[in-house]
Amino acid sequence: MKTTKPKLPVSISAWQQDPGSGAQPDGGPMIQINEPKLSAGTLPTKISNPSKAPAAKVYSPGTAEFRYWAAAAALERASTYWGALLPGVQWQVGKVLPVDLYHGEDFNAYYDRVGLRFFQGQVGSRTVYSGESPDIVCHEQGHATLDAIKPQLWDAASIEIGAFHESFGDMSAILCALQVPSLRHDVLAETSYSLYANSSLSRLAEQLGWAIRQGHPTLVEPDCLRNAVNAFFYRDPNTLPSNAPATSLSSEPHSFSRVFTSAFFEGLARMFHTLPAQDEPNLLQVSIDMGKILIAGIRAASVVSTFYSQVAVKMIAAASSLFPGPYSDALKGSFVKHGIISAASSQSITQQVTTSIAAMVEPMTESHDLPKMAISVSEYGLGSESIMVHSAVEPKRFNITGAALDVGPLQPVSEELQAKAFLEDLIRRGKLKNPKQPDPVYTVKSITGSAPPVHYHHTHELVAEGDVMVLKRMRIDCGLKHM
Ligand SMILES: [Zn+2]
């Protein structure tokens, strides 16, 4: 009689969270997992470059086969985590999100409503591949996930909304990392169960941070690209410089994202400490609870220029509604500490949350595009007197702003000024594509057949719609310094 053996799952090896460790480009722990299934679940992905998957087995780091499965493991990790929280949600690009692991030479990665693009860059004899790091893959997939649930953020002419997209990428990296059992174990030991401490979990993209640090020591943290544990207090981003070393806050989206990320991460730690035991199963539980709270908060938040405080208030309300108990106060304490909401506002939040939780967490009516508003741009030499921008002006249902540095809440700035500050910031940082002034500094060679011959780092362009020019986003570019 013929017997068929049950098919045993095939294992592959991958990084636990990043190939790097602290200030070093290597030393990150490795894991072995079952062969990732990218086409499964509600948020499927597909590696389109390279087009052929190597046989699934355990490979050594440094090989193309290892890199393929390391990227696949991270893609599956993010799809499984977010997919479970977002039933029925589809990518902006359609059913499957394409992924290019070798889009060109750069220390970079981006999402552009076509797919996720990863790059490779040379430092001495070492090549650093951004698609090999789970932190970076889960960050990029975070952009695509946020775009799937809140597409109107894409074109919003607001510094704070651009920074929130970056923060969501880093929050995605942290929450997805917490789905790995060995990482939960390691981080509890590393932080002595306190969580909100500089650790392998709070340090994002250590290897890419190392690569950028070799040429530009002040652009990144001393031991990673960005750290979710930091002491930055909320400021109106329109008052910040366009660029600054990593030790200071600037209006550059990755820099300003750190304010929200640290408030979120400390909120997560405080929520964890409200649980009866600070152990590995509860760390998994709080990471899933926080994902639910974050999604509900974002869905219910009005798209306005003070988006941080809107999301924070809706997260506090969602915590009350979904998890009656101490989560809500734990989160509020952290958002107040980091200045995302003022201490004065926090009192009225408590009253509003108690009286109208249902209204607080009701998702905003989904509209794909924000309303357009004309702003005069004659002073910028863009070949047009005025342009249209997508303005972050959805009606606010709760009038809460961040904290001013002196005392009390910040006074809101007009939407036209917000939009103009956003445009000026793009121009100062060379992120607005200007066909009249092509900037060769911002091009890098591509080395693959599928990629365009040059790659630009512009994030926005002016597109003619009838006889008006409209400011449109081209991509969310995640590089800090380009080769
Ligand atoms: Zn990003």
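Predicted model: local features only at pLDDT ≥ 70, side-chain atom pairs only at ≥ 80, totals over all residues.
How do the residues of the lining of the largest cavity divide into nonpolar, polar and charged?

Residues are numbered from 1 along each chain as its sequence is written, and side-chain values use heavy atoms, with hydrogens and water left out.

I start with the zinc ion. His139 and His143 each coordinate the zinc ion through NE2, Glu166 through OE and Cys478 through SG, at 2.0 to 2.1 Å. A donor here is an N, O or S atom within 2.8 Å of the metal, or 3.2 Å for Na, K and Ca; water is not among the atoms, so sites may look incomplete. Along the chain, the donors of the zinc ion have the spacing H-x3-H-x22-E-x311-C. Glu166 lies in helix α3 (residues 159–177) and Cys478 in the segment after β20 (476–477), so this pair ties together parts that are 312 residues apart in sequence. The helices (H or I, at least four residues) and strands (E, at least two) are DSSP runs, numbered from the N terminus.

Both Glu166 and Cys478 are buried. Buried means under 20% relative accessible area, exposed means over 50%, and partly exposed is in between, with a 1.4 Å probe and protein chains only.

What is the geometry of the site of the zinc ion? The site is irregular, with angles of 92 to 138° among its four donor atoms. Four donors count as tetrahedral if all angles lie between 85 and 135 degrees; four count as square planar and six as octahedral if opposite donors are over 155 degrees apart and all others between 65 and 115; anything else is irregular.

On a 1 Å grid over the protein atoms alone, a cavity is a set of points where a 1.4 Å probe fits but cannot get out. A pocket is an open set with protein on both sides within 12 Å along at least five of seven lines, and lining residues have an atom within 4 Å of a point. Grid points are joined across faces, edges and corners, and a volume is the space filled by probe spheres set on the points. The count comes to four cavities of 30 Å³ or more.

The largest cavity holds about 100 Å³ of space. It is lined by 13 residues, and the closest to its centre are Ile136, His139, Ala205, Leu225 and Arg226. His139 is also one of the residues that coordinate the zinc ion. Helix α2 (residues 134–149) gives the largest share of this lining, four residues. Now the opening question: the lining of the largest cavity has seven nonpolar, two polar and four charged residues. Ala, Val, Leu, Ile, Met, Phe, Trp, Tyr, Cys and Pro count as nonpolar, Asp, Glu, Lys and Arg as charged, and the others, Gly among them, as polar.

Staying with helix α2, Gly142 lies in it. Gly142 is buried, at a relative accessible area of 0%.

The 22 residues of α1 (residues 64–85) should span 32 Å at 1.5 Å a residue, and the end C-alpha atoms are 32 Å apart, which agrees. The expected span is 1.5 Å times one less than the number of residues. Of the 22 residues of α1, 17 are buried.

Last, some backbone details. Pro50 sits in the loop between β5 (45–49) and α1, and the peptide bond from Asn49 to Pro50 is cis, with omega near 0°. Arg113 is not a glycine, yet has a positive phi of about 65°. Arg113 counts as partly exposed, at 24% relative accessibility. Ser192, also not a glycine, has a positive phi of about 50°. Ser192 is exposed, with a relative accessible area of 57%.
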